[in-house]
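Please look at the sequence and the model below before reading on. The paragraphs that follow go from the whole chain to its helices, and then to single residues.

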Amino acid sequence: MMNLINWQHLNEITGGDTEFQAELFQEFVDQMPDMIRQLQFALESGDSTTLGHVAHTIKGSARSIGAEPFAESAHSLEQIGKAGDLSHASNALQTLEQHWDALHAYLQNLLRQNAASREVATEP
């Protein structure tokens with residue numbers, strides 16, 4: 001299985017603070033569905049500029065949590081948007097959505113584990 005998160009990078013930017021990591025993951029998980037919908041709408045409406053801008057934002061967000069494969073998918077879409085040729089955008093968006101599905105499930109599992117470990121730590 002591919003590494004969905006570059007933990008070394010994430011630990012460098014968070015100082016290994018797992019609570020901070022969980023906050024970053026939760027914010028990322030909360031924001032991403034709307035951003036993917038924006039990509040879908042941009043593609044449906046033939047708006048390469050918006051596609052490129054939204055993909056750029058997703059790429060930065062993904063890199064900030066060490067989600068390199070997802071960031072690379074967003075980078076591909078960003079390049080397509082910048083080029084203004086949407087002929088390959090549908091396939092690139094499908095790849096990004098597949099990476100999102102895997103990353104989302106992984107992050108949700110991590111967040112559940114983090115919440116469970118905090119509950120255990122706070123029990124009397």
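Of the 124 residues of the chain, 37% count as buried, where buried means under 20% relative accessible area, exposed means over 50%, and partly exposed lies in between, with a 1.4 Å probe and protein chains only. This is a predicted model, in which local features need pLDDT of at least 70 and side-chain atom pairs count only at pLDDT 80 or more, while totals for chains, interfaces and linings use all residues. Residues are numbered from 1 along each chain as its sequence is written, and side-chain values use heavy atoms, with hydrogens and water left out.

The chain holds five helices and zero strands. Helices are DSSP runs of H or I with at least four residues, strands are runs of E with at least two, and both are numbered from the N terminus. Along the sequence the pattern is α-α-α-α-α. Taken along the principal axes, the C-alpha atoms fill a box of roughly 60 × 25 × 25 Å. The accessible surface of the chain is about 7100 Å², and 50% of it belongs to carbon and sulfur atoms; such areas come from the Shrake-Rupley method with a 1.4 Å probe, and for residues only the protein chains shown count as cover. Among contacts with a separation of 6 or more, 64% are between residues 24 or more positions apart. Contact here means heavy atoms within 4.5 Å.

Begin with helix α1, residues 7-14. At its start, a side-chain oxygen of Asn6 comes to within 3.2 Å of the backbone nitrogen of Gln8. This is a polar contact, that is, a pair of N or O atoms within 3.5 Å; within protein, one must be able to donate a hydrogen and the other to accept it, and residues adjacent in sequence count only if both atoms are side-chain atoms. Thr14 belongs to α1. Why is Thr14 counted as buried? Its relative accessible area is 8%, which is under the 20% limit. Leaving aside neighbours within four places in sequence, Thr14 is in contact with Phe20, Gln21 and Leu24. After α1 comes Gly15, whose phi is positive, near 65°.

Helix α2 covers residues 18-44. At its start, a side-chain oxygen of Asp17 lies within 3.0 Å of the backbone nitrogen of Glu19. The buried residues of α2 include Phe25, Phe28, Val29, Met32 and Leu39. Gly46 follows α2 and has a positive phi, near 70°.

Now turn to the interior. In soluble globular proteins, nonpolar side chains tend to be buried together. A nonpolar core is a set of buried Ala, Val, Leu, Ile, Met, Phe, Trp, Tyr and Cys residues joined through side-chain atoms within 4.5 Å. The largest one here has 34 residues, and Phe28, Leu39, Phe70, Leu77, Leu103 and Leu107 touch the most other members. Helices α2, α3 (48-64), α4 (68-83) and α5 (89-122) each supply at least two residues of this core. The largest share, ten residues, comes from α2. Apart from neighbours within four places in sequence, Leu107 is in contact with Ile5, Phe25, Phe28, Val29 and Ile65.

Ser48 lies in α3 and is buried, with a relative accessible area of 15%. Not counting residues up to four places away, Ser48 touches Gly81, Gly84 and Leu86.

Helix α4 has 16 residues and reaches 22 Å from its first C-alpha to its last, close to the expected 22 Å. Its buried residues include Phe70, Leu77 and Gly81. Just after α4, Gly84 takes a positive phi of about 80°.

In α5, Ala102 is partly exposed, with a relative accessible area of 36%. The C-alpha atoms of Ala102 and Ala42, 60 residues apart along the chain, are separated by 23 Å.

Conventions
The expected span of a helix is 1.5 Å times one less than its number of residues.
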